[in-house]
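Work through the exercises below with the sequence and the model open. Each task is followed by a stepwise solution.

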Amino acid sequence: MKKTILILLAALTGVFAGAQENKTPEEREKELYESIQKQVDRLAEQLNLTGGQIFYVDSILTHDYNAMVKELNDMSTARVSNGSLYEAVQDKWAERIYQAFEKLFTQEQWQEYLKSGASREKKLRDKRATKLNKKQL
């Protein structure tokens with residue numbers, strides 16, 4: 001799970017990398033949707049999702065990753081240079097996905113999802129949020 005998230009985040013943050021400048025927005029969008037589809041397929045297989053659950057997982061990931069990319073692009077356009085702010089945006093959207101999946105999955109699926117790395121990622125997000133909140137005080 002962690003590896004998939006890292007790969008997806010690398011693809012998403014690659015949108016901002018200099019090496020991505022020669023790619024068209026359509027190519028970047030296609031890469032994003034391919035990454036989402038790989039994650040949907042992996043979750044469907046790993047958690048034995050029903051057809052309806054697959055639809056919702058796809059919808060959740062598509063909406064939230066697109067919203068995250070838009071927010072990160074807006075920050076990049078505004079020339080925000082603080083890396084922790086970009087990380088906070090990624091954490092915010094990862095938390096929303098986490099919460100949506102918790103409502104969607106059965107108890108057994110949720111436990112398997114947590115075991116696959118989601119629990120560890122949640123703890124790291126919470127730790128970063130606590131650290132960021134302490135800095136702001």
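**Exercise 1.** Among contacts in the protein between residues at least 6 apart in sequence, what percentage join residues at least 24 apart?

Solution. The model is predicted. Begin with the elements: there are 5 helices and 0 strands, in the order α-α-α-α-α along the sequence. Then turn to the contacts between residues at least 6 apart: 68% of them join residues at least 24 apart.

**Exercise 2.** Which residues of H2 are buried?

Solution. Apply the cut-off for buried, under 20% relative accessible area. In H2 this gives Leu32, Ser35, Ile36, Gln39, Val40, Leu43, Ala44 and Leu47. To read the spacing, recall that an α-helix has 3.6 residues a turn, so residues three or four places apart point the same way. For the protein as a whole, 35% of the 137 residues are buried.

**Exercise 3.** Describe the second largest pocket and its lining.

Solution. Start with the volume, about 280 Å³. Of its 15 lining residues, Ala88, Asp91, Arg128, Ala129 and Leu132 are the closest to the centre. Helix H4 (83–104) and helix H5 (107–136) each give two or more residues to the lining, and H5 gives the most, with 8. By class, the lining has 4 nonpolar, 3 polar and 8 charged residues.

Note on methods: Residues are numbered from 1 along each chain as its sequence is written. This is a predicted model: local features need pLDDT of at least 70, side-chain atom pairs count only at pLDDT 80 or more; totals for chains, interfaces and linings use all residues. Side-chain values use heavy atoms; hydrogens and water are left out. Helices (H or I, at least four residues) and strands (E, at least two) are DSSP runs, numbered from the N terminus. Buried means under 20% relative accessible area, exposed over 50%, partly exposed in between (1.4 Å probe, protein chains only). Contact means heavy atoms within 4.5 Å. On a 1 Å grid over the protein atoms alone, a cavity is a set of points where a 1.4 Å probe fits but cannot get out, and a pocket is an open set with protein on both sides within 12 Å along at least five of seven lines; lining residues have an atom within 4 Å of a point. Grid points are joined across faces, edges and corners, and a volume is the space filled by probe spheres set on the points. Ala, Val, Leu, Ile, Met, Phe, Trp, Tyr, Cys and Pro count as nonpolar, Asp, Glu, Lys and Arg as charged, and the others, Gly among them, as polar.
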